[in-house]
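Here's a walk through one protein model, starting with a helix contact and working out to the sheets. Have the structure open as you read.

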Amino acid sequence: MKIEYRDDVSDVLTMVLNALQFQGKVFCYTKLTSPWALRLKRKEFALFHFFERGQGWVVLEDTGAEIPVSGGDLVVMPHGGAHLLRDTPKSRAVNVEELLPCRDVLTLRHGGGGSETTTLCGAFTFENQIGNPILPLLPDVIHVSREEVQSAPGLEPVLQLLAHEAQNPREGSGSIIGHLTGVIFVQAVRSWIQSQPRGEGGWLGALRDKQISSALNFMHQRPSEPWTITKLASAVGMSRSPFASKFTSLVGEPPLAYLTKWRMNLAAGYLRDDQLSIREIAERVGYESQASFTNAFKRNFAVSPREYKESHRLMIHSFPPATSANARF
(Lines give C-alpha, C1' and ligand atoms only; values in the text may rest on other atoms or scores of the structure.)
Protein backbone atom coordinates (compact mmCIF):
# COMPACT_ATOMS: atom_id res chain seq x y z
CA MET A 1 0.00 0.00 0.00
CA LYS A 2 1.35 3.42 -0.90
CA ILE A 3 1.18 6.05 1.81
CA GLU A 4 0.01 9.55 1.00
CA TYR A 5 1.58 12.21 3.18
CA ARG A 6 0.12 15.57 4.04
CA ASP A 7 2.00 18.79 3.29
CA ASP A 8 3.40 19.15 6.82
CA VAL A 9 4.79 15.59 6.63
CA SER A 10 6.46 16.37 3.30
CA ASP A 11 7.97 19.49 4.86
CA VAL A 12 9.43 17.51 7.77
CA LEU A 13 10.90 14.87 5.46
CA THR A 14 12.37 17.52 3.20
CA MET A 15 14.02 19.35 6.09
CA VAL A 16 15.38 16.15 7.61
CA LEU A 17 16.86 14.96 4.31
CA ASN A 18 18.30 18.38 3.46
CA ALA A 19 19.89 18.62 6.89
CA LEU A 20 21.99 15.54 6.14
CA GLN A 21 24.06 17.68 3.74
CA PHE A 22 24.85 14.63 1.63
CA GLN A 23 27.30 14.51 -1.23
CA GLY A 24 27.18 11.92 -3.96
CA LYS A 25 30.08 10.49 -5.91
CA VAL A 26 30.57 7.91 -8.66
CA PHE A 27 33.39 5.40 -8.30
CA CYS A 28 33.16 3.56 -11.57
CA TYR A 29 31.09 2.20 -14.40
CA THR A 30 31.52 -1.58 -14.50
CA LYS A 31 31.35 -4.00 -17.41
CA LEU A 32 31.18 -7.50 -15.96
CA THR A 33 31.13 -10.71 -18.01
CA SER A 34 30.16 -14.04 -16.46
CA PRO A 35 31.44 -15.59 -14.36
CA TRP A 36 32.07 -12.59 -12.09
CA ALA A 37 31.86 -11.58 -8.42
CA LEU A 38 33.06 -8.51 -6.52
CA ARG A 39 33.56 -8.07 -2.77
CA LEU A 40 33.08 -4.63 -1.22
CA LYS A 41 34.30 -4.06 2.32
CA ARG A 42 32.36 -2.17 5.00
CA LYS A 43 32.64 1.60 4.59
CA GLU A 44 31.84 4.68 6.63
CA PHE A 45 29.61 6.02 3.87
CA ALA A 46 26.56 4.79 2.00
CA LEU A 47 26.97 2.93 -1.29
CA PHE A 48 24.73 2.52 -4.30
CA HIS A 49 24.65 0.31 -7.40
CA PHE A 50 22.52 0.90 -10.46
CA PHE A 51 22.23 -2.25 -12.58
CA GLU A 52 21.94 -0.85 -16.07
CA ARG A 53 21.83 -4.20 -17.91
CA GLY A 54 22.09 -7.86 -17.07
CA GLN A 55 21.37 -9.57 -13.78
CA GLY A 56 22.98 -10.86 -10.62
CA TRP A 57 22.82 -10.96 -6.85
CA VAL A 58 23.61 -8.63 -3.97
CA VAL A 59 24.71 -10.64 -0.92
CA LEU A 60 25.02 -9.02 2.54
CA GLU A 61 28.07 -10.50 4.26
CA ASP A 62 26.85 -9.81 7.81
CA THR A 63 23.54 -11.64 7.43
CA GLY A 64 23.97 -13.75 4.31
CA ALA A 65 20.79 -12.23 2.82
CA GLU A 66 20.67 -12.62 -0.96
CA ILE A 67 18.82 -10.13 -3.16
CA PRO A 68 18.26 -10.94 -6.84
CA VAL A 69 18.72 -7.93 -9.13
CA SER A 70 18.28 -7.29 -12.84
CA GLY A 71 18.63 -4.51 -15.40
CA GLY A 72 16.98 -1.28 -14.23
CA ASP A 73 17.23 -2.06 -10.49
CA LEU A 74 18.76 0.36 -7.97
CA VAL A 75 20.34 -0.88 -4.73
CA VAL A 76 21.35 1.48 -1.91
CA MET A 77 23.36 0.44 1.16
CA PRO A 78 22.60 3.30 3.62
CA HIS A 79 25.07 2.11 6.25
CA GLY A 80 27.88 0.99 3.95
CA GLY A 81 27.74 -2.68 4.98
CA ALA A 82 30.11 -5.24 3.47
CA HIS A 83 28.55 -7.07 0.55
CA LEU A 84 29.12 -9.05 -2.62
CA LEU A 85 27.96 -8.44 -6.17
CA ARG A 86 27.93 -11.66 -8.20
CA ASP A 87 26.31 -13.35 -11.16
CA THR A 88 25.86 -16.75 -9.48
CA PRO A 89 26.44 -18.10 -5.95
CA LYS A 90 29.39 -20.18 -7.19
CA SER A 91 31.45 -17.35 -8.72
CA ARG A 92 34.64 -16.57 -6.81
CA ALA A 93 34.71 -13.01 -5.44
CA VAL A 94 37.56 -10.56 -6.00
CA ASN A 95 38.09 -7.53 -3.77
CA VAL A 96 37.17 -4.51 -5.83
CA GLU A 97 40.27 -2.61 -4.63
CA GLU A 98 42.41 -5.06 -6.57
CA LEU A 99 40.65 -4.03 -9.79
CA LEU A 100 41.02 -0.27 -9.31
CA PRO A 101 44.80 0.30 -9.15
CA CYS A 102 44.67 3.71 -10.79
CA ARG A 103 42.81 6.71 -9.36
CA ASP A 104 41.74 7.83 -12.84
CA VAL A 105 40.13 4.52 -13.85
CA LEU A 106 36.40 5.11 -14.25
CA THR A 107 35.45 2.02 -16.27
CA LEU A 108 36.07 -1.32 -14.59
CA ARG A 109 36.14 -4.46 -16.72
CA HIS A 110 36.11 -7.86 -15.08
CA GLY A 111 34.93 -11.43 -15.63
CA GLY A 112 35.26 -14.52 -17.76
CA GLY A 113 33.96 -13.30 -21.10
CA GLY A 114 30.38 -14.59 -20.92
CA SER A 115 27.10 -12.66 -20.78
CA GLU A 116 27.52 -9.01 -19.80
CA THR A 117 26.16 -7.06 -16.84
CA THR A 118 26.80 -3.33 -16.57
CA THR A 119 26.49 -1.35 -13.36
CA LEU A 120 27.13 2.14 -12.04
CA CYS A 121 28.66 2.23 -8.57
CA GLY A 122 28.94 5.18 -6.25
CA ALA A 123 28.54 6.56 -2.75
CA PHE A 124 26.86 9.12 -0.54
CA THR A 125 28.52 10.81 2.41
CA PHE A 126 26.47 12.54 5.10
CA GLU A 127 28.29 15.52 6.52
CA ASN A 128 25.70 16.23 9.17
CA GLN A 129 24.20 12.95 10.36
CA ILE A 130 24.48 13.15 14.16
CA GLY A 131 21.01 13.65 15.62
CA ASN A 132 19.25 13.20 12.28
CA PRO A 133 16.13 11.06 12.84
CA ILE A 134 15.92 9.32 9.46
CA LEU A 135 19.29 7.55 9.16
CA PRO A 136 18.94 5.14 12.12
CA LEU A 137 15.63 3.95 10.65
CA LEU A 138 17.00 2.97 7.25
CA PRO A 139 17.60 -0.74 6.62
CA ASP A 140 20.90 -2.32 5.61
CA VAL A 141 19.78 -2.35 1.98
CA ILE A 142 17.11 -0.55 -0.04
CA HIS A 143 16.21 -2.39 -3.23
CA VAL A 144 14.28 -0.31 -5.75
CA SER A 145 13.08 -2.63 -8.50
CA ARG A 146 12.97 -1.65 -12.16
CA GLU A 147 9.19 -1.22 -11.92
CA GLU A 148 9.56 1.07 -8.91
CA VAL A 149 12.33 3.02 -10.65
CA GLN A 150 10.06 3.55 -13.65
CA SER A 151 7.13 4.65 -11.48
CA ALA A 152 9.19 7.11 -9.39
CA PRO A 153 8.91 10.56 -11.03
CA GLY A 154 12.09 11.33 -12.96
CA LEU A 155 14.24 8.60 -11.39
CA GLU A 156 14.87 6.47 -14.49
CA PRO A 157 16.12 9.35 -16.71
CA VAL A 158 18.27 10.59 -13.81
CA LEU A 159 19.95 7.19 -13.51
CA GLN A 160 20.46 7.04 -17.27
CA LEU A 161 21.98 10.51 -17.34
CA LEU A 162 24.22 9.64 -14.41
CA ALA A 163 25.49 6.55 -16.24
CA HIS A 164 26.14 8.65 -19.35
CA GLU A 165 28.08 11.32 -17.43
CA ALA A 166 30.16 8.67 -15.66
CA GLN A 167 31.11 7.05 -18.97
CA ASN A 168 31.68 10.34 -20.78
CA PRO A 169 33.17 12.80 -18.24
CA ARG A 170 33.45 16.38 -19.47
CA GLU A 171 33.75 19.85 -17.99
CA GLY A 172 31.10 20.18 -15.29
CA SER A 173 30.44 16.44 -15.00
CA GLY A 174 31.40 16.46 -11.33
CA SER A 175 28.77 19.08 -10.53
CA ILE A 176 26.10 17.26 -12.53
CA ILE A 177 26.92 13.94 -10.88
CA GLY A 178 26.74 15.53 -7.44
CA HIS A 179 23.23 16.83 -8.10
CA LEU A 180 21.99 13.63 -9.73
CA THR A 181 23.19 11.38 -6.92
CA GLY A 182 21.29 13.55 -4.46
CA VAL A 183 18.08 12.86 -6.38
CA ILE A 184 18.85 9.15 -6.34
CA PHE A 185 19.26 9.02 -2.57
CA VAL A 186 16.03 10.93 -1.91
CA GLN A 187 14.06 8.76 -4.31
CA ALA A 188 15.44 5.57 -2.76
CA VAL A 189 14.40 6.76 0.72
CA ARG A 190 10.97 7.72 -0.60
CA SER A 191 10.56 4.26 -2.10
CA TRP A 192 11.47 2.62 1.20
CA ILE A 193 9.11 4.84 3.19
CA GLN A 194 6.23 4.04 0.85
CA SER A 195 6.89 0.32 1.31
CA GLN A 196 6.51 0.48 5.10
CA PRO A 197 3.24 -0.85 6.59
CA ARG A 198 0.82 1.77 7.85
CA GLY A 199 0.94 0.35 11.36
CA GLU A 200 4.68 0.95 11.67
CA GLY A 201 5.59 2.87 14.82
CA GLY A 202 8.54 5.11 15.63
CA TRP A 203 9.40 8.31 13.82
CA LEU A 204 7.67 7.22 10.62
CA GLY A 205 4.57 6.34 12.59
CA ALA A 206 4.69 9.78 14.17
CA LEU A 207 4.64 11.37 10.72
CA ARG A 208 1.35 9.60 10.02
CA ASP A 209 -0.29 10.95 13.17
CA LYS A 210 -1.98 14.28 12.49
CA GLN A 211 -1.20 15.96 15.82
CA ILE A 212 2.32 14.64 16.38
CA SER A 213 3.37 15.29 12.79
CA SER A 214 2.12 18.86 13.20
CA ALA A 215 4.23 19.22 16.35
CA LEU A 216 7.27 17.88 14.48
CA ASN A 217 6.60 20.37 11.72
CA PHE A 218 6.52 23.26 14.20
CA MET A 219 9.83 22.17 15.73
CA HIS A 220 11.53 21.67 12.38
CA GLN A 221 10.28 24.87 10.77
CA ARG A 222 10.67 27.14 13.81
CA PRO A 223 13.56 25.84 15.92
CA SER A 224 14.31 29.31 17.27
CA GLU A 225 10.94 29.48 19.06
CA PRO A 226 11.09 29.10 22.87
CA TRP A 227 9.07 25.91 22.73
CA THR A 228 7.76 24.23 25.85
CA ILE A 229 5.67 21.10 26.08
CA THR A 230 2.68 23.26 26.95
CA LYS A 231 3.17 25.50 23.90
CA LEU A 232 3.60 22.58 21.54
CA ALA A 233 0.55 20.82 22.95
CA SER A 234 -1.54 23.96 22.57
CA ALA A 235 -0.31 24.48 19.00
CA VAL A 236 -1.64 21.05 17.95
CA GLY A 237 -4.85 21.21 19.97
CA MET A 238 -3.95 18.87 22.82
CA SER A 239 -3.50 19.17 26.55
CA ARG A 240 0.01 18.92 27.99
CA SER A 241 0.10 15.42 29.51
CA PRO A 242 -1.64 13.49 26.71
CA PHE A 243 0.55 15.27 24.15
CA ALA A 244 3.80 14.48 25.97
CA SER A 245 2.77 10.84 26.44
CA LYS A 246 1.69 10.37 22.82
CA PHE A 247 4.78 12.10 21.40
CA THR A 248 7.14 10.00 23.53
CA SER A 249 5.30 6.80 22.65
CA LEU A 250 5.45 7.42 18.90
CA VAL A 251 8.78 9.19 18.47
CA GLY A 252 10.67 7.27 21.14
CA GLU A 253 11.83 10.22 23.21
CA PRO A 254 10.24 13.24 24.94
CA PRO A 255 9.41 16.34 22.86
CA LEU A 256 12.11 18.61 24.25
CA ALA A 257 14.79 15.92 23.98
CA TYR A 258 13.87 15.50 20.31
CA LEU A 259 13.90 19.27 19.83
CA THR A 260 17.37 19.57 21.35
CA LYS A 261 18.74 16.90 19.02
CA TRP A 262 17.25 18.67 16.02
CA ARG A 263 18.63 22.03 17.12
CA MET A 264 22.10 20.54 17.56
CA ASN A 265 21.87 18.90 14.12
CA LEU A 266 21.03 22.27 12.57
CA ALA A 267 23.77 23.99 14.56
CA ALA A 268 26.36 21.51 13.31
CA GLY A 269 25.28 22.26 9.75
CA TYR A 270 25.59 26.01 10.30
CA LEU A 271 29.04 25.53 11.80
CA ARG A 272 30.16 23.49 8.82
CA ASP A 273 28.86 26.15 6.42
CA ASP A 274 30.96 28.71 8.30
CA GLN A 275 28.73 31.64 7.27
CA LEU A 276 27.39 32.68 10.69
CA SER A 277 28.98 33.58 13.99
CA ILE A 278 28.48 31.23 16.92
CA ARG A 279 26.22 33.82 18.57
CA GLU A 280 24.07 34.02 15.44
CA ILE A 281 23.84 30.24 15.29
CA ALA A 282 22.80 30.11 18.94
CA GLU A 283 19.93 32.50 18.22
CA ARG A 284 18.83 30.56 15.13
CA VAL A 285 18.48 27.34 17.09
CA GLY A 286 16.65 28.78 20.05
CA TYR A 287 19.26 29.74 22.65
CA GLU A 288 19.20 33.11 24.33
CA SER A 289 22.90 33.10 25.16
CA GLN A 290 26.01 31.81 23.48
CA ALA A 291 27.10 30.21 26.76
CA SER A 292 23.96 28.05 27.09
CA PHE A 293 24.24 27.03 23.44
CA THR A 294 27.92 26.11 23.88
CA ASN A 295 27.11 23.94 26.90
CA ALA A 296 24.30 22.14 25.05
CA PHE A 297 26.51 21.60 22.00
CA LYS A 298 29.35 20.16 24.10
CA ARG A 299 26.95 17.72 25.76
CA ASN A 300 25.97 16.39 22.34
CA PHE A 301 29.26 16.51 20.43
CA ALA A 302 31.86 16.41 23.25
CA VAL A 303 33.58 19.47 21.73
CA SER A 304 32.77 23.17 21.74
CA PRO A 305 31.16 24.82 18.69
CA ARG A 306 34.43 26.58 17.93
CA GLU A 307 36.42 23.34 18.08
CA TYR A 308 33.84 21.63 15.88
CA LYS A 309 34.04 24.39 13.27
CA GLU A 310 37.85 24.31 13.19
CA SER A 311 38.03 20.52 12.93
CA HIS A 312 35.71 20.46 9.93
CA ARG A 313 37.56 23.21 8.10
CA LEU A 314 40.40 20.70 7.85
CA MET A 315 38.10 18.05 6.35
CA ILE A 316 36.60 20.09 3.52
CA HIS A 317 38.72 18.42 0.85
CA SER A 318 38.84 14.95 2.40
CA PHE A 319 36.23 13.35 0.07
CA PRO A 320 37.57 12.69 -3.45
CA PRO A 321 36.21 14.24 -6.64
CA ALA A 322 32.81 13.15 -7.89
CA THR A 323 34.18 10.97 -10.66
CA SER A 324 37.30 9.62 -8.98
CA ALA A 325 37.94 5.93 -8.54
CA ASN A 326 40.32 6.92 -5.76
CA ALA A 327 37.30 7.25 -3.46
CA ARG A 328 37.93 3.63 -2.59
CA PHE A 329 35.17 1.08 -2.16
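## Helices around H12

Gln290, Phe293, Thr294, Phe297 and Phe301 of H11 meet Pro305, Arg306 and Tyr308 of H12; contact here means heavy atoms within 4.5 Å. By class, this contact of H11 with H12 splits into five nonpolar, two polar and one charged residue. For those classes, Ala, Val, Leu, Ile, Met, Phe, Trp, Tyr, Cys and Pro count as nonpolar, Asp, Glu, Lys and Arg as charged, and the others, Gly among them, as polar. The axes of H11 (residues 290-301) and H12 come within 9 Å and cross at roughly 60°. That makes H11 oblique to H12: angles under 35 degrees count as roughly parallel, over 145 as roughly antiparallel, 65 to 115 as roughly perpendicular, and the rest as oblique. Axes are lines fitted to C-alpha atoms, for helices over the stretch in contact, with angles running from 0 to 180 degrees between N-to-C directions.

H12 (residues 305-313) also packs with H9 (residues 255-273), at an angle of about 50° and with axes 8 Å apart. So H9 is oblique to H12 too. H9 brings Ala268, Leu271 and Arg272 to this contact, and H12 brings Pro305, Tyr308, Lys309 and His312. That gives four nonpolar, one polar and two charged residues. The crossing of H9 and H12 is right-handed, the term for a near helix turned clockwise from the far one by less than a right angle, with anticlockwise being left-handed.

## Where the model comes from

It's a predicted model, with local features needing pLDDT of at least 70 and side-chain atom pairs counting only at pLDDT 80 or more, while totals for chains, interfaces and linings use all residues. Residues are numbered from 1 along each chain as its sequence is written, and side-chain values use heavy atoms, leaving out hydrogens and water.

## The chain overall

The chain has twelve helices and eleven strands. Helices (H or I, at least four residues) and strands (E, at least two) are DSSP runs, numbered from the N terminus. Of its 329 residues, 50% count as buried, meaning under 20% relative accessible area, with exposed being over 50% and partly exposed in between (1.4 Å probe, protein chains only). Among contacts between residues at least 6 apart in sequence, 75% join residues at least 24 apart.

Neighbours within four places in sequence aside, Asn265 is in contact with Ala19, Asn128, Gln129, Ile130, Gly131 and Asn132.

His49 has Cys121 of S10 as its bridge partner.

## The five-stranded sheet

The other open sheet described here runs S5-S4-S7-S2-S8, again with mixed pairing. S5 (66-70) and S8 (94-95) are its edges, each with a single partner strand, so one side of each has no neighbour in the sheet. S2 (residues 37-40) pairs with S7 (residues 83-86) in the antiparallel sense over four bridges, and Leu40 stands opposite His83 in S7.

Methods. Two strands pair if DSSP finds at least two bridges between them.
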